[in-house]
Amino acid sequence: MFQTPTGAPCAMIDSLIAGFGEALTLWNLLFIAAGITLGIVIGVIPGLGSVTALAVLIPVTYYMSPLAAIAFLVGVNKGGTSGGAVPAILLNSPGTPEAAATALDGYPMAKRGESLRALKFALYSSVTGDTISDVLLIVLVVPFAAVALQFGPLEYTAVLLFAFALLAGISGDSPIKGLLAIALGVFLSTLGLDPVDGSQRMVFNEVNLYDGLPLISIAVGALAMASVLGQIFDLWRGGERRGSKEEYARVRTRLPAREFFGHWKTIGRSALIGSGVGMLPGLGVTLAAFLSYGAARRASKTPESFGKGNPEGIIATEAANSAVVGANLVPTIALGVPGNIAAALLIGAFIIHGIVPGPFMLQQHGELIYALFASMLMANGVHLLIGRIGIPLWATIARTPRAVILPPVLVLCIVGVYLPNQSLFGVGVMLVFAGLGLVMQRLGFSVVCLVIGFLLGGMLENSLRQSLRLYRADITAVFDSPIAIAFLALTVIILVRAIRRV
C-alpha cells in the first residue's frame, strides 16, 4: 500500500514524479484544457462563476476515470475563478463578489485604453498565485491538520470581525458608511429559518424566503446589474465618447515579464494571503481578495493611486483569488472539511468516484492524489496558454461601443441568475438589489461591503452563537485564545486608523 510521505522530502518528490508519470497523458491534458476553457467561458458570464460551473459539470464526469474527472473539475475551478476578472475589467460588471476587487483598478485601466494590459496582469497574477498555492498544497497538506484544528468558533468570530473592519477601512472615503453597508448585509443574511431551532425570521409567509435571500441574486443585482444600469443611464443623459485609433495607439499594450515580476513582493504576499485564507475552512475567495487588496494598498508608497487604475490592485486580487483554488484542497484532503463551496462540490465528485476525503485519503489513494497534484501543476501551464490566446478576443470588447455591449450584459445577468435554480423569485430579488445598489452608489455607500456582509453574515452568526454557548457568554474567554486576541487587536487598530484618516 502507498505510504504517505509525511517526513521525507525525497519520498514526497518521488511520489510527485510518479504522479507526473500517471497524469502526463494526452487524454488527461485534453480534459484539463477542456475544463479550463469551459471555466473561463462560464466565468465571463455575470453570475455564472466557478461554483455554478462545477455544479453544472459534475454530472458530466460520471463516466470518466477518477483522475480525469477530478483534473477536469479542478481545471473548471481554475478557469472559472480567473474568468470573472474579464467582465470586471472590461465592463465594470463583476458577476461575483470577489471580482469586485478586481474591478476597482481593472476598470479604470480599461477606461484609459489599457484593457489589454489589465487582462494580462490579471491572467499572469492568477497563474502565478495558483502555482504558488499548488506548491504549498503539496508541501503542507499533511502538517496542516494540526494547525487547522486550533481554530474554533471564537477564533473564526475574531477573524470575521477583522475582515469586516479591514473591508470598511479600504472601501472608500468613509469607513462609517462602509460599516453601515456591512451591517445591512449581515442583517439581510438573517432572513430565513433559524439554523438552530428552525423558527421563521422575517419570511412574511413567503416560502421562497425560507432558505434566505439567494446570494447569486444579491451579488449579480447589486454589483453587476446596478453597474450596467448606471452606465446605461449615463449614456442616455450624456452620450458616449469613443477613443480614436490614435488614442489607442498611444496606450501601451505590452506587458514584459520583467515589468510584471517587478511587482514580486505584491505577487508573493497576495499568494500567501490567498493560500492562508484557503487553508482555513469556510472563509472563501472573497475574503482573500479584499484582505490581499487591503494589504497591497497599505504596503504601497502611493496608496492614493489604488482605485484609479493601479496594476498592483489587480495583481493583489487575482493572485489571492487563484491561490485559494489550490489551498482550499488542503483541509479537504487533510481533514475532509471543504475550504469553500467549490471544495464542497469537489468532495461530492471525490465520493462519486469512490474516494473518501479525510486523514486517510493519502494512504488509501496516494497514487491518485499525487497524480492530481501533478495535474494541477500542469493545468497552470495550460491555463496560461489558453488564457493568453483568449486575451485579444476579450480586449476587442473594449473598443465596442457601450451602447452595443451593455444590453446583452443585462440579458446575461438575468439568464445567469435564472439558470441555477430556474426561479423567477431570484430574478425579482436581483432587480430589487440592482435598484438598491444604484441608490447606494449615488449616495457613496459601498455596494461591495453590502454583498460581503451578506456573504459572511451567516458564518459570523453561527460562529458567534457557538462561541456564546461554548463559553456560556463569558467574555473573558477571549483572553484564553492568543489567536482571537491577535485578530481583535488588529481589528481595533484598523478601525482607529481608518476613522482618524477621515
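**Exercise 1.** Is aspartate 194 buried or exposed, judging by its relative accessible area?

*Solution.* Keep in mind that you are working with a predicted model.
- Step 1: Find the relative accessible area of aspartate 194, which is 9%.
- Step 2: Compare with the cut-off: buried means under 20%.
- Step 3: Aspartate 194 is therefore buried.
- Step 4: Now look at its partner, arginine 201, whose closest N atom is 3.4 Å from an O atom of aspartate 194 in a salt bridge. Arginine 201 has 18% relative accessibility, so this residue counts as buried too.

**Exercise 2.** Find out which parts of the chain are tied together by the salt bridge of arginine 117 and glutamate 259.

*Solution.* 
- Step 1: Check the contact: the two side chains meet at 3.0 Å, N to O.
- Step 2: Locate the residues. Arginine 117 belongs to helix H7 and glutamate 259 to helix H13, so the bridge joins parts 142 residues apart in sequence.
- Step 3: Widen the view. A salt-bridge network links Arg112, Glu114, Arg117 and Glu259.

**Exercise 3.** Classify the aromatic pair of phenylalanine 121 and phenylalanine 260.

*Solution.* 
- Step 1: Read the geometry: the centres are 6.4 Å apart, with 45° between the planes.
- Step 2: Stacked needs under 30 degrees and edge-to-face over 60, so the pair is tilted.
- Step 3: Follow the ring pairs onward to a cluster of Phe121, Tyr124, Phe260 and Phe261.

Key: Residues are numbered from 1 along each chain as its sequence is written. This is a predicted model: local features need pLDDT of at least 70, side-chain atom pairs count only at pLDDT 80 or more; totals for chains, interfaces and linings use all residues. Side-chain values use heavy atoms; hydrogens and water are left out. Rings of Phe, Tyr and Trp (its six-membered ring) pair if their centres lie within 6.5 Å; planes under 30 degrees apart count as stacked, over 60 as edge-to-face and the rest as tilted. A salt bridge is a side-chain nitrogen of Lys or Arg within 4 Å of a carboxyl oxygen of Asp or Glu. Helices (H or I, at least four residues) and strands (E, at least two) are DSSP runs, numbered from the N terminus. Buried means under 20% relative accessible area, exposed over 50%, partly exposed in between (1.4 Å probe, protein chains only).
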